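Please look through the sequence and the model before reading on, and keep both in view while the paragraphs below lead you from one part to another.

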Amino acid sequence: MLASVSLTAGAVTVAGSAPSPSRPPLTEAQIVDVTCSSARVTQTGLPPASDFEVVLLDPGTTARELASAQVRSDTQGRIDVRLGFTLGGADRLHAEVEQLGSGTEYGETGVDIGARCGPAMAAHRRTFPLVLGLVALVVAAGCALGFARSRGRHR
C-alpha cells in the first residue's frame with residue numbers, strides 16, 4: 001500500500017489518516033534554546049510512548065556526532081530533550097530524530113551557531129578578561145605614579 005505524504009508549513013500528514021484530537025500532526029524536529037554547550041530538541045506528533053534516539057551532529061566535513069540521547073515520547077507523542085556537547089569549532093548544529101528498533105527517521109533540522117559560539121567568539125571570551133586586567137593594571141600604575149610625583153613636588 002502506498003500512502004501519500006503532504007508537507008505543509010513544517011507539518012507532515014499522511015493522507016487518509018486525520019490527526020486524532022489526542023495527537024497533533026507530525027512536525028519537523030526543532031532545535032531550540034541553543035547555548036555554546038547545549039541545545040534542546042523538540043518534536044510533536046510522534047507515535048506515543050515510543051523510544052527514539054535524538055542525535056546532534058556537526059554537519060561539517062566529518063559529520064561528527066556531538067551528542068545523542070535515547071528518549072521516550074509522551075502519551076501525546078512529544079519529545080523534549082536537552083543535549084550537552086563540546087563544539088570543537090563547529091559553527092552549525094544538525095539534529096536527527098529516529099525511532100529505535102525500526103530505524104525510521106521522523107525528523108531532522110539544522111541551525112547556524114557560528115556567530116554565537118564560533119572560534120572568534122571563543123577567542124574573544126579568552127582574551128577579553130586578559131585585556132581588561134592589563135588596562136586595570138596600567139590605570140592603577142598611572143595613578144600610583146601620578147600620586148607619587150605630586151607628593152614629591154609640592155613639599
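What is the mean pLDDT of the protein? The mean is 76, and 66% of the residues reach 70 or more, where pLDDT is the predictor's confidence in each residue, from 0 to 100. This is a predicted model, in which local features need pLDDT of at least 70 and side-chain atom pairs count only at pLDDT 80 or more, while totals for chains, interfaces and linings use all residues. Residues are numbered from 1 along each chain as its sequence is written, and side-chain values use heavy atoms, with hydrogens and water left out.

Over residues 1-18 the pLDDT stays under 50, and the model has 18 contacts (heavy atoms within 4.5 Å) beyond four places in sequence for this stretch. Residues 120-126 also have pLDDT below 50, with five contacts in the model beyond near neighbours in sequence. Where pLDDT is low, the predicted coordinates should not be read in detail.

Turning to the strands (DSSP runs of E, at least two residues, numbered from the N terminus), we find an open sheet of four with the order β7-β6-β9-β10 and antiparallel pairing, where two strands pair if DSSP finds at least two bridges between them. Its edge strands, each pairing on one side only, are β7 (64-72) and β10 (105-112). Strand β9, residues 92-99, pairs with β10 in the antiparallel sense over seven bridges, and L93 has V111 in β10 as its bridge partner.

Between β7 and β8 (79-84) runs a loop that holds T75. T75 counts as exposed because its relative accessibility is 63%, and exposed means over 50% relative accessible area (1.4 Å probe, protein chains only). The C-alpha atoms of T75 and A49 are separated by 5.4 Å, although these residues are 26 residues apart along the chain.

Conventions. Buried < 20%, exposed > 50% of the residue type's maximum accessible area, 1.4 Å probe, protein only.
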